[in-house]
Amino acid sequence: KKDNYNIKLSQSEWNECQKILIQLWNKIYIDKIVSYFPLSKMLLPDIIEIFIRVNNSGTNLTRTEMLMSVVSSIWRDGRDKIDDLLQDINKKGYEFDTDFIMRASLVILDVQVLVNTRNVLDIATKLPMKWETISSSVKAAVDATASMGFSKSILRSKNAIIPLAYYYSKIKDKSYDAKDEQQMKLYMHCVLILGFYGNHGDTALADIRSAMTINQSNKDSNEKELRGIHKKGFNFVDIASQYEKQVTEGKIAKTLIINTTAQINELLDTSYGSKSFIILACMNKDLIIKYDKERDIKIHQDHLYPKSAEEKYLEVLKNNPNLKILMEDFDKYQQGDGELYKMINSLPNIHLFEAFKNREKQNKEPQEFFNILDQDTLDDHKLKNQIPKDMKLSFENFNTVIKKREELMRAKLKRMFNIKD
């Protein structure tokens, strides 16, 4: 038979073919692994129930993936419509996905933000009927977010945009004025820096929606309406006030707004890490936008005064009795502790720097490195990063420079959060 079919296989190859055929035979005729459910009628709820039961026995879909699957099954053009929306909003430089669209839809539909097997069909049926509102509101929110300078790298949680989309879904005019922009920026700065949507994002979205709305007197409708104040424009201060009332009732524990000097001081004490990056990014959006647009530019967080120069700091401390408090626990520096380490590793000594320049800088004295930059570049960098313009950035001045920069950063943060002295 081999000769008849001109097949030239080695013995080991024939053995492998035989093994595969035996496995196929067993799967078809011997093994009983196929799950099936007899249906007397082809009703969609029954089919969805089967889909969910089978899914639960395998690799589970996320809640929003489950919703998307059901939407696709009952809305013929659904996936194409959603893909078109994603393509449109991602032209702004973002990377939104189906999960984001499904979450936004759940909030805008005024239904439970947490999808489950009991409500998924009802939600999937409502979504196509309100798609034009969902689509236009998401576009308006993304447009506003991009116009305000919150590019991809600053947007640490895509959920932050959804309450803006919800606001737009309730008003006819999708534009915004200077007052709206000021309130929207305040909202974005607060939720991004505080990491409000970091854990239990679905619950956080439901809580924000609740703070924005009142229940309609018409009990036949689950649809909510905005609190009266929002009909005059987006008002984050009012949202935060309503949210805080829920906090005092013991329903919610997260902080939503930054509105005190004490909170600003806490931000300034932030150590080097992901939170320090988002604070600096919100303070210097232009640099982040440049990074997001130009793929070959990378942005690093850099210690203005290098963390590895402890011997230089020790020399300065020995010769300056006014810095006794920093000298007292200098031996803790190598263990990442003590007052000096806290000063060197906290926000007033951290700035955003293009990566290739950061590699060149390493542990050089700031003044020495900055001398190689042209004056315009240096002045621009100092201005955008709140680095004292007329102070010598020497190791001898490290304490004075960092303290002065702390003052400049405190002033800018207060302006960002509309905090008056």
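**View 1. Gln386 in a loop of the predicted model.** Gln386 is found in the loop between helix H20 (375–384) and helix H21 (398–416); helices are DSSP runs of H or I with at least four residues, strands are E runs of at least two, and both are numbered from the N terminus. This is a predicted model, in which local features need pLDDT of at least 70, side-chain atom pairs count only at pLDDT 80 or more, and totals for chains, interfaces and linings use all residues. Residues are numbered from 1 along each chain as its sequence is written, and side-chain values use heavy atoms, with hydrogens and water left out. Although Gln386 is not a glycine, its phi is positive, at about 55°. Most residues other than glycine have a negative phi. Gln386 counts as buried because its relative accessibility is 9% (buried is under 20% relative accessible area, exposed over 50%, partly exposed in between, with a 1.4 Å probe and protein chains only).

**View 2. His200, with positive phi in a loop.** The loop that holds His200 runs between helix H9 (178–194) and helix H10 (201–212). Phi of His200 is near 55°, a positive value in a residue other than glycine. With 66% relative accessibility, His200 counts as exposed.

**View 3. Leu205 in helix H10.** Leu205 is found in helix H10 and is buried, with a relative accessible area of 1%. Apart from neighbours within four places in sequence, Leu205 is in contact with Val107, Val113, Asn159, Ile162, Pro163 and Tyr197; contact means heavy atoms within 4.5 Å. The C-alpha atoms of Leu205 and Ala160 are 8.6 Å apart in space, while the two residues are 45 residues apart in sequence.

**View 4. His351 and its polar contacts.** His351 is placed in strand S4 (residues 350–354). His351 is buried, with a relative accessible area of 0%. Its side chain makes a polar contact of 2.5 Å with the side chain of Asp302 and another, of 2.9 Å, with the side chain of His381. A polar contact is a pair of N or O atoms within 3.5 Å; within protein, one must be able to donate a hydrogen and the other to accept it, and residues adjacent in sequence count only if both atoms are side-chain atoms. Beyond four places in sequence, the residues in contact with His351 include Leu280, His300, His303, Phe370, Asn385 and Arg405.

View 5. Glu365 lies in the loop between helix H18 (355–361) and helix H19 (366–370). A polar atom of the Glu365 side chain lies 2.9 Å from the backbone nitrogen of Phe395. Not counting residues up to four places away in sequence, Glu365 touches Leu393, Ser394, Phe395 and Glu396.

**View 6. A nonpolar surface patch that includes Leu24.** Leu21, Leu24, Trp25, Ile28, Tyr29 and Ile30 make a nonpolar surface patch of about 700 Å². Leu24 lies in helix H1 (residues 11–30) and is partly exposed, with a relative accessible area of 47%. Patches are made of residues with over 30% relative accessible area and no salt bridge, with like charges joined within 9 Å and nonpolar side chains (Val, Leu, Ile, Met, Phe, Trp, Tyr) within 5 Å.

Methods:
Areas by Shrake-Rupley, 256 points an atom, 1.4 Å probe, with all protein chains shown as cover. Salt bridge = Lys/Arg side-chain N within 4 Å of Asp/Glu carboxyl O.
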